[in-house]
Amino acid sequence: MTINAPAKPPAAPPASRKRSPGIEASRARTAIILLLPTLIAIVLVAGFPLYRTIFFSAQEANLTTPGQATFIGLENFWFTTAEGIGLGFLQDPQWWTAVRNTLIFTVFSVFLETVFGMIIALVVNSAFAGRSFLRTAMLIPWAIPTVVSAQMWAYMYNDSFGLIGQGLLGGQALLADPSKAIWALIAVDVWKTTSFMALLILAGLQSLPGDMYEAADMDGASKWTQFWRMTLPLLRPALLVALVFRSLDALRVFDIMYVMLGANVAASTSMTGYARQQLIDNQLLGTGSAVSVAIFIIIMAIVVVYVTAFRVKFD
Amino acid sequence: MKKAIALVTLTAAIAASSQADAVQVTLACGTVGQELQLCKDGAARWAKKTGNTVKVFESPNLTNDRLGLYQQQLAAKSDAIDVYQLDIIWPGLLSQHFVDLKGKIPAAEVNAHFKSIIAADTVDGKLVAMPWFTDAGLLYYRTDLLKKYGYSAAPKTWTELATMAKKIQDGEKKANSTFAGFVFQGKNYEGLTCDALEWLVSFGGGTIVDDSGKITINNANAAKAMDTAASWVKSISPAGVTTYGEEEARGIFQSGNAAFMRNWPYAWALGQSDDSKVKGKIGVAPLPSGGNGNAATLGGWNLGVSMYSKNQAAAIDLVRYLTSAEEQKIRAVEGAYNPTRPALYKDQAVLKANPFFGSLLDVFTSAVARPSGPTKLKYNQVSQAFAGAVSDVMAGKTKGEAAVKKLETDLARIKGRGW
């Protein structure tokens, strides 16, 4: 959606009263009027909480008494006391562990989901009996609420009665070992979200013209060449949008860690888990808000990198 | 229009007066074991007696999750819940949101409870909550297996426990590959803080932070306690013990897959229920000693009335009823929930249902409190740091000596400008 209003500001109303405004300007005005309710709603439900979060990130405040906040500037981020004790969350090693784990989680889960999603999309895009049934069935893991599927996987990983922990691995406790747990979590996310990725890629595949492939067949191009030289480049826009969506989701991941590892461990496994611990368990409204602002900035930065580096177009 | 409003008001007034002052009170109950059912039953008895109605709010299972939810409701001054079930470590944290029960409940009734618990419920002279049931860590063991492997009594020290658990485990593993020697709450959460505090105190390692607020964790005995616990993982305890809470440990013990278990008293009644595979084969003893006597962490739940409640009088009456001797007796008999009234420990019906109550009265009365008093609002952070350090030692990431040293630094960081 593009609004050209800034480029062509509507002429000052009193001066141009005699002349009817250009058709483009009136369209732009209609667009703004139609968008106004939405914009107001966004300001109310997103803008205000965002403002409060940024406001509290510069305060020392307690969750149970948000009214008694004192301004401390950037001390929630970085502050060293006279005794040399670092109080800012950027000085907390646990935060950096959480950042590292979130990045590992994002990179590997999104990569695997893209590869598997592509394979599944290519399969269900070809014509075979029961294709429409498969397309519906593959969405089941995605349709199950994450809290439910995460708990289900936690049971499956259990070392004394779990299908995987006891049955497949003979009593290994995957979730007990932090260095292995992250891979167990990636497996859960891949299981759950690959179908969503496949769906997005499938939508892209279906927009590709069929006669192009017929022509390529006539010219004797192999299926492999067709995939690399035609499908993949044409699929690029759809693929990139899917990648951006999934990366942002993965960076904000919370429920898988929280359900499967518990509040304390989740705080060193995901950035949002850390934010929740500061904000809720520790009641540090100021620090928690500062962490949330940091997460917001990190995600913003990654979006900007994506959009500029790959020239993603959203319109 | 005016007529209509007047009519509606009149009808409402008549309806209200005809029911005297019957109101609906919302009670937040815990859901561990049979807690929820007992909570509902107790509330129903009060409702029947007074003509009021009680709505039961089901709280999350883990105490950390519960606190998060409650704090949000209280910070928003929500009147959705009238009576909250408060963990013994919360009064200092939440005192400002609760009605002072002192003066509203007769002094004689308050004094009938354990003094230590009333003290923990009192913040700056304000009685934040009334004791509902108390808890202390206990050692559960399989009497049949002890006999089978030639033991006549429960272990007195942790070393003894490890030896016995190992022998039983090795023997039982031949028939049952998932059998474990000892299960406890090893997951990184508040429960681990409770378990580890018991190890610490029994080894003479202090209580993390002492009563004056001084950080005391960096000592050799504390390090030894952590290393000892770490040596159990994968030898007498399953590797997954570091992911178990109360209910996971109980599940394994109750299905006959463990020789020893550390848990709270509530596990007794469930272990004796008809669907339990170990019914009639359970013994209960004080937790073993590490050389400095045995120690049990004080737990327990209390009932407080929210300041934002619209029906405070009815809510206080509900609290008085639920904490009464009559109700605590029912809960002790049916659910093995420890009364907070010393008199009930001499009651024949209570002792018949829980034979160990009389002999373990010492354990309950001398239980060790977590450092929630001296660390005040920062208790949760202290507990997290402590549980995290213990968890790292148990996972083999670090050794006890290094862990307590790092923990001292972390705690200093949390203490910051003061508790």
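## Exercise 1: The largest cavity

The largest cavity has a volume of about 50 Å³. This is a predicted model, where local features need pLDDT of at least 70 and side-chain atom pairs count only at pLDDT 80 or more, while totals for chains, interfaces and linings use all residues. Residues are numbered from 1 along each chain as its sequence is written, chains are lettered from A and ligands numbered from 1 in the order in which they are written, and side-chain values use heavy atoms, with hydrogens and water left out.

Task: find which residues line the largest cavity, and which helix gives the most to its lining.

Solution. 
- Step 1. Start with the term: on a 1 Å grid over the protein atoms alone, a cavity is a set of points where a 1.4 Å probe fits but cannot get out, and lining residues have an atom within 4 Å of a point. Grid points are joined across faces, edges and corners, and the volume is the space filled by probe spheres set on the points.
- Step 2. From chain A, select Asp281(A); from chain B, select Thr63(B), Asn64(B), Leu67(B), Ile89(B), Trp90(B), Glu190(B) and Asn380(B).
- Step 3. Helix 3 of chain B (residues 63-75) gives the most, with 3 residues. Helices (H or I, at least four residues) and strands (E, at least two) are DSSP runs, numbered from the N terminus.
- Step 4. Sorted by class, the lining has 3 nonpolar, 3 polar and 2 charged residues. Here Ala, Val, Leu, Ile, Met, Phe, Trp, Tyr, Cys and Pro count as nonpolar, Asp, Glu, Lys and Arg as charged, and the others, Gly among them, as polar.

## Exercise 2: The second largest cavity

Task: work out which elements each supply at least two residues of the lining of the second largest cavity.

Solution. 
- Step 1. The space in this cavity is about 40 Å³.
- Step 2. Its lining takes Gly262(A), Ala263(A) and Asn264(A) from one chain, and Leu62(B), Asn64(B), Asp65(B), Asn188(B) and Tyr189(B) from the other.
- Step 3. The class count is 3 nonpolar, 4 polar and 1 charged.

## Exercise 3: The interface

Task: say how many residues of chain A and of chain B are in contact, and which three residues supply 20% of the area that chain A buries.

Solution. 
- Step 1. With contact meaning heavy atoms within 4.5 Å, 34 residues of chain A touch 32 residues of chain B.
- Step 2. About 2600 Å² is buried between the chains, and carbon and sulfur atoms give 48% of it. Buried area is the accessible area (1.4 Å probe) that two parts lose on being put together, summed over both.
- Step 3. The trio is Thr64(A), Asn264(A) and Gln283(A), which supply more than any other three residues.
- Step 4. Across this interface the rule finds 0 salt bridges, a salt bridge being a side-chain nitrogen of Lys or Arg within 4 Å of a carboxyl oxygen of Asp or Glu.- Step 5. On the chain A side, strand 1 (59-62), helix 10 (255-261), helix 11 (263-266) and helix 12 (271-281) give two or more residues. Helix 12 of chain A gives the most, with 4 residues.
- Step 5. By class, this side has 14 nonpolar, 14 polar and 6 charged residues.

Terms used: On a 1 Å grid over the protein atoms alone, a cavity is a set of points where a 1.4 Å probe fits but cannot get out, and a pocket is an open set with protein on both sides within 12 Å along at least five of seven lines; lining residues have an atom within 4 Å of a point.
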